[in-house]
Amino acid sequence: MANITNQPEWLDNAVFYEIYPQSFCDSNGDGIGDINGIISKLDYIKELGCNAIWMNPCFASPFGDAGYDVSDYYAVAPRYGTNEDIKRLFDEVHKRDMHLLLDLVPGHTSVEHKWFKESMKAERNEYTDRYVWTDSIWEEPQGMGCIRGISDRDGSCAVNFFSHQPALNYGFYKPDPDKKWQQSTDSEGAKATLEELKNIMRFWLKMGADGFRVDMAGSLVKHDEEGKGTIKLWQNVREFLDKEFPLAAMVSEWGEPDKSLQGGFHMDFLLHFGPSHYNDLFRCEEPFFSSRGKGDVSEFVKKYIENYEKSERKGLICIPSGNHDMDRLARSIKGDNLKIAFAFLLSMPGAPFIYYGDELGMNYVENLVSVEGGYGRTGSRSPMQWDDSVNDGFSSAPKEKLYIKMDDNADRPTAKSQIADECSLYNEVRKLISIRQKNSALQSKGEIEFVFAEKNEYPLCYLRSDDKQKILVVINPADKEVSFSCGYAPKEAIYSIGGDITADNGVLTVPPCFAGWYIL
Ligand code: GLC
Ligand code: CA
């Protein structure tokens with residue numbers, strides 16, 4: 001992807017690790033993961049081969065949505081530590097040649113944020129226009145859900161996600177002239193919100209953050225179906241970053257790279273929602289990566305190519321192994337097929353994101369009661385399993401004080417057991433990352449061309465290339481041998497699992513449950 005410009009160079013070979021801070025490592029025995037705990041595990045992440053981190057929100061919050069309901073953007077939540085601690089985290093990350101993205105939640109706050117409390121007051125004040133309010137309690141902001149009946153102010157406030165997350169006001173794309181309360185994107189109120197967002201970014205970037213993962217990045221301007229107003233807003237942020245923090249990296253939770261990359265994001269995720277067909281890979285009734293071999297990768301590939309073309313290669317499309325909002329990879333993909341899934345994730349363009357514990361094949365913990373607004377997501381947020389000590393080394397707190405119950409399946413993996421086992425998923429992921437890091441064509445900007453991705457068929461085959469090398473990737477998760485005609489003749493395998501390919505007259509025969517990376 002030679003024509004991607006203005007990317008912080010470190011993204012070229014970035015491999016991210018997502019940390020859900022409350023479940024990673026508890027340093028002080030209160031049952032909740034914290035910043036000092038994360039610092040103590042940086043060497044583990046580095047050893048795996050990841051050189052970048054995305055950490056979920058760590059700011060002051062009443063935790064009605066696990067911290068995505070911020071009550072003070074400028075303060076680390078006491079349960080995680082202090083602003084000094086996070087400064088130390090940035091330093092420790094940088095000492096190891098790594099980078100760290102914070103999670104920015106620009107679309108909404110908690111109802112407990114002081115801005116919201118001020119904006120609920122009947123008298124006009126600095127925060128009156130900080131959120132999207134109608135001017136009568138009897139009028140609802142159309143199509144958005146609302147909070148009403150709890151303020152002296154006569155109005156209803158739009159919500160952005162849960163009903164305790166009021167929507168910040170960045171204006172409406174085309175305000176309805178009959179509805180005075182719909183402000184334009186260049187109204188004073190909308191502009192003030194955006195300036196404050198920049199202040200927040202400036203504050204953490206100055207302290208040492210390397211950029212942001214941006215929550216619900218496509219949701220900011222209201223009644224903006226095609227995203228044009230929101231794209232423009234992010235272009236404004238891009239100008240600010242180019243001027244003040246050109247090395248800061250931005251990745252959006254948007255799921256439509258043709259829009260987000262136009263807005264100046266460097267990277268966008270393919271997600272379990274949106275048009276990308278990402279779920280066809282790992283999370284549907286018959287995932288492509290299951291050994292049953294009944295999946296279909298063709299729609300995913302079609303959309304991928306469409307995005308790849310439409311985004312005019314302005315930035316990176318990132319495919320995560322999972323995240324805190326979706327089922328664990330290991331809920332539907334089993335055994336060696338997890339290794340095959342990683343052979344795909346780690347050979348695709350863009351920066352790969354590994355969700356903590358996915359490198360061990362951590363389970364989705366079934367039947368948990370919702371914790372902090374997690375609901376069905378709670379099972380993917382259980383504490384990291386480190387070793388064979390109490391609470392698997394996550395925390396010294398009594399069991400009942402743990403943030404979320406640990407997985408108690410007898411066969412659950414731990415980092416310690418997997419590091420010791422040569423054939424473990426952990427060691428395979430580590431090997432895959434190190435091979436990716438030695439072959440530039442496999443990294444973020446290498447080109448991709450799909451060679452075989454037919455409807456309801458296996459395998460998946462694609463070519464990665466740059467000006468130095470060409471690498472053919474062949475992936476067959478199905479438990480049966482398959483053949484396909486291929487114009488390329490694979491030579492030296494730099495990675496393989498499940499045997500080897502045979503080539504005969506332009507037809508490649510691929511063993512069952514196989515993945516291979518070949519230098520051409
Ligand atoms: C994003 C987050 C999710 C959160 C929601 C509201 O989707 O990833 O965890 O609940 O936004 O902020
Ligand atoms: Ca703690």
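**A tour of the calcium site and the chain**

Select D26 to begin: its relative accessibility is 7%, so D26 counts as buried, where buried means under 20% relative accessible area, exposed over 50% and partly exposed in between, with a 1.4 Å probe and protein chains only. The model is predicted, so local features need pLDDT of at least 70 and side-chain atom pairs count only at pLDDT 80 or more, while totals for chains, interfaces and linings use all residues. Residues are numbered from 1 along each chain as its sequence is written, chains are lettered from A and ligands numbered from 1 in the order in which they are written, and side-chain values use heavy atoms, with hydrogens and water left out.

Next, select N28, which is exposed, with a relative accessible area of 52%.

Now select the calcium ion (ligand 2), which is coordinated at 2.2 to 2.4 Å by D26 (OD), N28 (OD1), D30 (OD), I32 (O) and D34 (OD). Donors are N, O and S atoms within 2.8 Å of the metal (3.2 Å for Na, K and Ca), and sites may look incomplete because water is not among the atoms. Along the chain, the donors of this ion follow the spacing D-x1-N-x1-D-x1-I-x1-D.

Colour by secondary structure to find 12 helices and 20 strands, which are DSSP runs numbered from the N terminus (helices: H or I, at least four residues; strands: E, at least two). Of the 520 residues in the chain, 62% are buried.
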